[in-house]
Amino acid sequence: MSLAHPRTGVLFDSPVLPGTGWPGDPATADTAVASTPAQVAAMAEAVEAVDQLDAEVSVCRACPRLVEWREQTAVTKRRSFADQPYWGRPVPGWGAEHPRLMVVGLAPAAQGGNRTGRVFTGDRSGDVLYAALYRAGLANSPISVDAADGLMLRGTRVAAAVRCAPPDNAPTPAERATCAPWLTAEWRLTGGDVRVIVALGGFGWRSALDMVRSGGGQVPRPQPKFGHGATATLHAAHGEVVLLGCYHPSQQNTFTGKLTEAMLDDVFHQARKLAGIS
């Protein structure tokens, strides 16, 4: 049964079919679909433009467990969103095409990005993250509720290391490895001006290190360890990049006080300054 998008009122199936008009959908019915890890690797290496990358990411079906979970969630839904269509597909990165700051997280939330089609949008983690970006002058609004809400980022791009919502927020090592070439391709296409990477959580930190390494850069040895406020200088192919650690803005961290508003503000104000975003 088709349902109306909460902002545009256009009817969509859940999951949303490519090219049917969902806000920000980069794909069409003709977008090539990766169905195996080998296809992901080959397509990610061959992609030549950000729009093409986003489109191919958004229709990927290379991880059967994640495909089943994201689509099942799009059908069963959370009760509070039962009257909405769910995106139910992989979520591409978004923001500036030539960013000076890149934010790397883990994966979309089942009831967040998997519902809205935009990473860190429509859930509590996104509420916290984008409010912090706004306070740091890196976003035009503190509110991120859907892909048509008018939110824009300044000199910043946000991406998830794994593009599909995983059960229990825990992708398997094989799923992480399968998805990694998409992030490497995003770095190759958009990272040339990046001066700072903010890694959300330990997995975001490791993914950022792998991303730079896979993109032809060098990582210090021993490998830098994650911590909130930890920094490391990486030698990317285009020059030095500062990796900056931040606790993930999950409810577990924010509700317990492990991550406070002031701690987030310190990270993103430092990131903006180091990235040279005026």
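Reader: How far apart do the end C-alpha atoms of residues 92-268 lie, and what share of the span is helix and strand?

Author: Helices (H or I, at least four residues) and strands (E, at least two) are DSSP runs, numbered from the N terminus. Here the end C-alpha atoms of residues 92-268 lie 22 Å apart, and the span is 35% helix and 18% strand. This is a predicted model, in which local features need pLDDT of at least 70 and side-chain atom pairs count only at pLDDT 80 or more, while totals for chains, interfaces and linings use all residues. Residues are numbered from 1 along each chain as its sequence is written, and side-chain values use heavy atoms, with hydrogens and water left out.

Reader: Is helix H2 (residues 50-57) largely enclosed or open, and why?

Author: Buried means under 20% relative accessible area, exposed over 50%, and partly exposed in between (1.4 Å probe, protein chains only). Six of the eight residues of H2 are buried, so the rest of the structure largely encloses this helix. Asp54 and Glu56 are among the buried ones. The buried residues of H2 pack against helix H1 (37-46), strand E5 (156-160) and helix H6 (173-190), where contact means heavy atoms within 4.5 Å.

Reader: Which residue forms a salt bridge with Asp54?

Author: A salt bridge is a side-chain nitrogen of Lys or Arg within 4 Å of a carboxyl oxygen of Asp or Glu. Asp54 pairs with Arg157, their closest N and O atoms being 3.5 Å apart. This pair links distant parts of the chain, with Asp54 in helix H2 and Arg157 in strand E5, 103 residues apart. Both residues are buried.

Reader: Which other residue forms a salt bridge with Arg157?

Author: Glu186 does, with closest N and O atoms 2.6 Å apart. Glu186 lies in helix H6 and Arg157 in strand E5, so the pair ties together parts that are 29 residues apart in sequence. Salt bridges with shared partners join Asp54, Arg157, Arg163 and Glu186 into one network.

Reader: Which residues are closest to the centre of the second largest pocket?

Author: On a 1 Å grid over the protein atoms alone, a pocket is an open set of points where a 1.4 Å probe fits, with protein on both sides within 12 Å along at least five of seven lines; lining residues have an atom within 4 Å of a point. A volume is the space filled by probe spheres set on the points, which are joined across faces, edges and corners. The second largest pocket has a volume of about 280 Å³. Of its 18 lining residues, Gly24, Asp54, Gly93, Trp94 and Gly95 are the closest to the centre. H2 gives the largest share of this lining, three residues.
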